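Please walk through this structure from its overall build down to a few single residues. The paragraphs below give the cut-offs of each term where it is used.

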Amino acid sequence: MRGRLRIGIPSLAIAAALGCAPDDPARTAELGSPEVFTWGGQPISFSPPPEGWERQRSQPGGREGIEFIKAGSVGEVIGVEEAFYLDHRDRCDRLQALIEDLDNLEPRDLARALQRARPYAQPPLNVGEAWNARAANVRLDRAQEALRDRDHGLAREEILAAREQLSRIRYSLDEVVDRVMYTGEGLPPYVTVQVGEPTSGELAGVPAIAVSYDMQYGGRTYRGRQIYVVNNNRLFVMRYQGLEKNLPLFERVVETVSFPPGGCEH
Amino acid sequence: MPEGWQHYDHGLQHRFENGTSHITLTDLGPVLPESLLREIEHARELFRQDRGNDARTILHGLSPRGVFPSQQGWEAFERPWSKLRRVGGTRPIVVEEVEHAFTEAISRIAALPAPDLPTIAVAALEGMFQGAHREIARRQATTLDGVDALLIDTWDRLTHEARKRYLFMLNRGNLLVARMELGKFSEMEPAFDTLLSTLRLVQIQGPAS
């Protein structure tokens, strides 16, 4: 059973009560202008941390995105990434491209494109995926037959129907989050970490799960937090690791997250 | 020329360098049916003057695939095109067959619609990216020396960093591209704009080659 997560900005009054100076840069520094990042089929928008946090590519295993490292710090980092294994399962873009190129491709390329556009659902993440992927593949089989008979009109209809079928697949956060959730495993022996219980909440209007942890190494204690959210069948990870004093900055960045419309809606 | 910048003339490419900041202006060759026709007809004239090697040089410098919107159109063109590409080579050719191939290739290209500048520019950019994880950050139609041009900024797909600017324009059907090759965007932007503001298109007579 997960606890409740409140993802929001503590007010200045609360900050003062906690003994933090109201002009604490982590709470007051102006964030960058919102930027829209499109790493897969679903864009994500957020305001990046202020100057002094240097951005770089982030590609930890199975995810890609951006991280901001505080210059001259003890290794404090704010990261936003997409776990692309869900993006790779989605065939919507490929089917859309196939529909657009249907009259331009030669038969051999058409057959190859059709094959590459087939959903694979082994093992399926849920019953809906298993059923809809099977139904979409039946439609694509018919499209292949229609192409063999050079009936592009019928093939187009079947591919559109397959795309519609696949748009009904929906993953819940609980079904997909375990693959990326932070557990503290695999760390070197000189690092100790205490990982808290996952908590559930909401971010940008969709369900979110957060994991907090404390990590000790090099004579310092680092606060860590990872927040997971699924929007339009894409899994995003927002993470912070650094000193306690900069955790509010991470919370402010997270508060600006929104999801502009993507190419294919589920 | 902005202060501190050096100019190197490499023929189809002009380089402008200031330390580690590099800007290039490159003629990427014919990208419209009209300019391809001009070059193919020029090659035909050379072939008729028994200058097969010169004709070959011209024909092998062309990349006509981009002007064919459909695969079928390209496949139909490839038949005469593959014959023409043998001109000036070591394999024997039949003059009448080559003449027929020239006629067919010219008629097929002449029937094509001209692609617009954004389509041409994006296709050229995709060729330049070559798998690099870049995306278009901004595009803006503009004019340069009275000619329509397209300004495109690209950046790293993941971080929105390493911004680079390109400017595309057509000159007699050839695609010209000015691009930031190396250097920091904020430092190069003024020089890029200054260099382009001095650019004048000179109409030369005869085939561009």
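A residue is called buried when its relative accessible area is under 20%, exposed when that area is over 50%, and partly exposed in between, with a 1.4 Å probe and protein chains only. By this scale B:N18, at 30% relative accessibility, is partly exposed. The model is a predicted one, in which local features need pLDDT of at least 70 and side-chain atom pairs count only at pLDDT 80 or more, while totals for chains, interfaces and linings use all residues. Residues are numbered from 1 along each chain as its sequence is written, chains are lettered from A and ligands numbered from 1 in the order in which they are written, and side-chain values use heavy atoms, with hydrogens and water left out.

Chain A holds nine helices and eleven strands, and its C-alpha trace spans about 75 × 35 × 30 Å along the principal axes. Of the 266 residues in chain A, 50% are buried. Chain B has six helices and seven strands, which follow one another along the sequence as β-β-β-α-α-α-α-α-β-β-β-β-α. The C-alpha atoms of chain B fill a box of roughly 60 × 35 × 35 Å along the principal axes, and 44% of its 209 residues count as buried.

In general, a disulfide is a covalent bond between the sulfur atoms of two cysteines; here the term is applied to a pair of cysteine sulfur atoms within 2.5 Å. A search of the whole structure finds one disulfide over all chains, and this disulfide joins A:C92 to A:C264 with an S to S distance of 1.7 Å. The link of A:C92 and A:C264 is left-handed, with -80° about the S-S bond. Because A:C92 lies in helix α4 (residues 92-101) of chain A and A:C264 in the segment after α9 (247-255), the pair ties together parts that are 172 residues apart in sequence. Both A:C92 and A:C264 are buried.

Backbone angles single out two further residues. Most residues other than glycine have a negative phi. A:R150, although not a glycine, has a positive phi of about 60°; this residue lies in the loop between α6 and α7 (152-166) of chain A and is exposed, with a relative accessible area of 67%. In chain B, the phi of B:H160 is near 60°, again a positive value in a residue other than glycine. B:H160 sits in the loop between β5 (147-156) and β6 (164-171) of chain B, and its relative accessible area of 8% is the reason why B:H160 counts as buried.

Methods: Helix = DSSP H or I, 4+ residues; strand = E, 2+ residues; numbered from the N terminus.
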